[in-house]
Amino acid sequence: MACLHDHSCEDHNCAADWSLYNHVDIPKVVALNESVPGSVKSVFKPWEQRLDTSGGFLESNEGDPELLVFIPFTSDVKIKSISIVGGADGTSPSRMRAFINREGIDFSDAQNMQPVQEWELAENLQGALEYQTRYSRFQGVANLTLHFSDNFGGDTTKIYYIGLRGEATQNKRDVVATIVYEVMPNPSDHK
Amino acid sequence: MICIDNSEWMRNGDYAPSRFQAQADAVNLICGAKTQSNPENTVGVMTMAGKGVRVLVTPTSDLGKILACMHGLEVGAEANLAAAIQVAQLALKHRQNKRQQQRIIAFIGSPVKYDKKVLETIGKKLKKNNVALDIVDFGESDDEKPEKLEALIAAVNSSDSSHIVHVPPGDNALSDVLLSTPIFTGEEGGSGFAASAAAAAATGASGFEFGVDPNVDPELALALRLSMEEERARQEAIAKKAAEDTENKDHASSSNNDSVMAEAEPATNAADDDKKEQPKDDDDLLQQALAMSMEGGSSGSASVADAAMAEAGAVDPDLALALQMSVQDANMSSDSDMSKVFEDRSFVTSILNSLPGVDPNDPSVKDLLASLHGQGEVRSFLFLS
């Protein structure tokens with residue numbers, strides 16, 4: 001389910017739509033099987049910069065095209081559609097499976113569990129394609145896990161941009177996090 | 001998650017008292033260090049051999065439970081490394097706090113029967129699931145074991161989070177060798193427990209600047225550092241002034257010594273009043289002290305003094321300075337260089353003025369001043385003040 005932008009794409013229009021990246025809790029974004037730890041943070045950026053790779057991009061390890069991206073949000077969001085910009089030469093992901101509000105998913109879990117929604121992706125080097133979600137299932141999302149299980153035959157999978165379109169509510173799902181009372185002062189906590 | 005090797009190879013006694021005991025001590029130490037370094041850390045223990053690959057205690061932060069489970073372990077059978085790592089991964093996967101980083105610490109004392117390829121696949125799988133691996137290679141060492149294990153670590157390693165330590169048999173206990181490795185010190189660069197244990201083991205807290213653990217007493221460490229910088233700045237100023245003086249005065253080297261020493265002395269006294277410990281940098285001050293002794297006095301006594309001072313300086317640089325000054329005085333009583341200082345009446349009067357309760361116009365003081373000339377013993381008078 002893809003729709004192309006058939007109107008002349010004035011940047012500011014589209015940019016306003018794809019603004020859910022503001023609500024992504026970027027320091028807590030985690031990816032499994034990435035070749036450069038921490039590079040996943042660079043794929044969340046404004047719409048205008050979706051093709052800009054100067055900040056780095058997400059690449060999987062050699063010989064293993066699977067990628068798992070865990071995206072927490074700072075408040076609950078409703079996701080309307082997702083856009084993915086992949087790499088050239090078969091390194092674009094071909095299949096995407098989404099899980100909602102589950103922490104600590106790893107590859108064996110992702111392969112066995114039934115996803116909330118699954119998409120077949122096409123090569124999308126310009127970022128013109130977006131994949132709509134079943135909106136009723138994507139209400140009140142506190143964190144989103146995307147599992148890219150396959151690509152178009154490349155050795156690795158490259159992702160330059162993940163765009164999310166939707167609305168942010170002001171609700172927060174888990175307000176009380178684990179609290180540690182300091183019985184013993186730990187200098188590394190206060191750096 | 002700690003994997004213990006309790007196979008038949010652990011009966012060997014090349015690590016005192018036996019390989020298994022040494023391993024058990026090391027495991028206890030690691031558990032203590034991990035639980036202390038962060039209250040949210042959890043540690044689990046499992047065996048690789050014996051009755052089979054089984055988890056003795058699931059990851060918990062309760063140190064007592066962990067130590068208790070090590071009790072009564074039997075040695076026997078063969079270690080199954082691949083199965084053990086799989087089970088460890090599973091145990092870590094089902095941890096209660098999903099935010100914790102996953103790490104496996106494996107003690108491998110028996111020979112490794114797997115191929116390098118198999119180990120590399122295992123390593124890649126660990127890396128894919130973001131599990132770090134630390135290996136302690138001890139005990140049996142056939143030709144290929146170190147390479148195989150290095151290949152495994154290379155496959156798992158991502159940004160230096162996995163380590164391997166090879167411990168050859170010898171006098172050092174396994175736990176002592178491990179104390180200084182990154183397995184203990186972790187990635188933050190030292191927990192208080194591990195660091196202080198390492199310092200104690202290394203006889204003398206030479207690991208820390210100024211001999212004080214900044215974790216234990218940060219204020220004292222800060223005060224020591226500040227006073228050392230102050231002292232350094234003062235020494236530099238003195239050296240600069242001394243350099244100027246050498247151009248002006250006739251007796252170049254001796255007066256250089258005089259002014260440096262006269263000023264170094266109140267500086268030392270002031271520093272003594274402030275702090276009990278002298279945090280002087282050994283090398284810095286020792287160089288200066290040796291240089292000063294080289295310039296003044298007869299060379300013979302100076303070299304003897306140098307040897308004595310080098311030893312004393314290693315112990316206490318403050319003592320070194322005092323020794324050097326007294327040596328200088330012994331040398332100079334014949335030269336009566338010090339007395340030249342007192343020839344400068346205004347200098348002496350100014351000092352006397354600064355002393356409480358001494359009136360320079362008092363006749364007894366004037367008599368004393370008159371007798372000062374040509375006498376070296378007056379320096380003791382100044383020392384007491």
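**Exercise 1. Describe the polar and charged links between chain A and chain B.**

Between chain A and chain B there are five residue pairs in polar contact, both residues being at pLDDT 80 or more; a polar contact is a pair of N or O atoms within 3.5 Å, where within protein one must be able to donate a hydrogen and the other to accept it, and residues adjacent in sequence count only if both atoms are side-chain atoms. On the side of chain A that touches chain B, the largest share, three residues, comes from helix 2 (residues 107-112) of chain A; helices (H or I, at least four residues) and strands (E, at least two) are DSSP runs numbered from the N terminus. The residues on that side of chain A divide into six nonpolar, six polar and six charged, where Ala, Val, Leu, Ile, Met, Phe, Trp, Tyr, Cys and Pro count as nonpolar, Asp, Glu, Lys and Arg as charged, and the others, Gly among them, as polar.

The model is predicted, so that local features need pLDDT of at least 70 and side-chain atom pairs count only at pLDDT 80 or more, while totals for chains, interfaces and linings use all residues. Residues are numbered from 1 along each chain as its sequence is written, chains are lettered from A in the order in which they are written, and side-chain values use heavy atoms, with hydrogens and water left out.

**Exercise 2. State how many residues meet across the interface, and how much area is buried there.**

Step one is the contact count: 18 residues of chain A are in contact (heavy atoms within 4.5 Å) with 15 residues of chain B. Step two is the area, which is about 1400 Å² between chain A and chain B, with carbon and sulfur atoms giving 49% of it; buried area is the accessible area (1.4 Å probe) that two parts lose on being put together, summed over both.

**Exercise 3. Locate the salt bridges that cross between the chains.**

Five salt bridges are counted between chain A and chain B, each being a side-chain nitrogen of Lys or Arg within 4 Å of a carboxyl oxygen of Asp or Glu. Lys128(B) forms one with Glu66(A), the closest N and O atoms being 3.2 Å apart, and another with Asp64(A), at 3.1 Å. The latter pair runs from helix 4 of chain B to the loop between strand 3 (58-59) and strand 4 (67-86) of chain A. Both Lys128(B) and Asp64(A) are buried, a word that means under 20% relative accessible area, with exposed over 50% and partly exposed in between (1.4 Å probe, protein chains only).

A further salt bridge joins the side chains of Lys93(B) and Asp106(A) (3.5 Å, N to O). Here the link goes from helix 3 of chain B to the loop between strand 5 (93-100) and helix 2 of chain A, and Lys93(B) and Asp106(A) are buried.

**Exercise 4. Check the length of helix 4 of chain B, and identify what covers its buried residues.**

The buried residues in helix 4 of chain B are Leu119(B), Ile122(B), Gly123(B), Leu126(B) and Lys128(B). Their cover includes strand 2 (30-32) and helix 2 of chain A, together with elements of chain B, among them helix 3 (81-93) and strand 5 (131-137). Just after helix 4 of chain B, Asn130(B) takes a positive phi of about 65 degrees.
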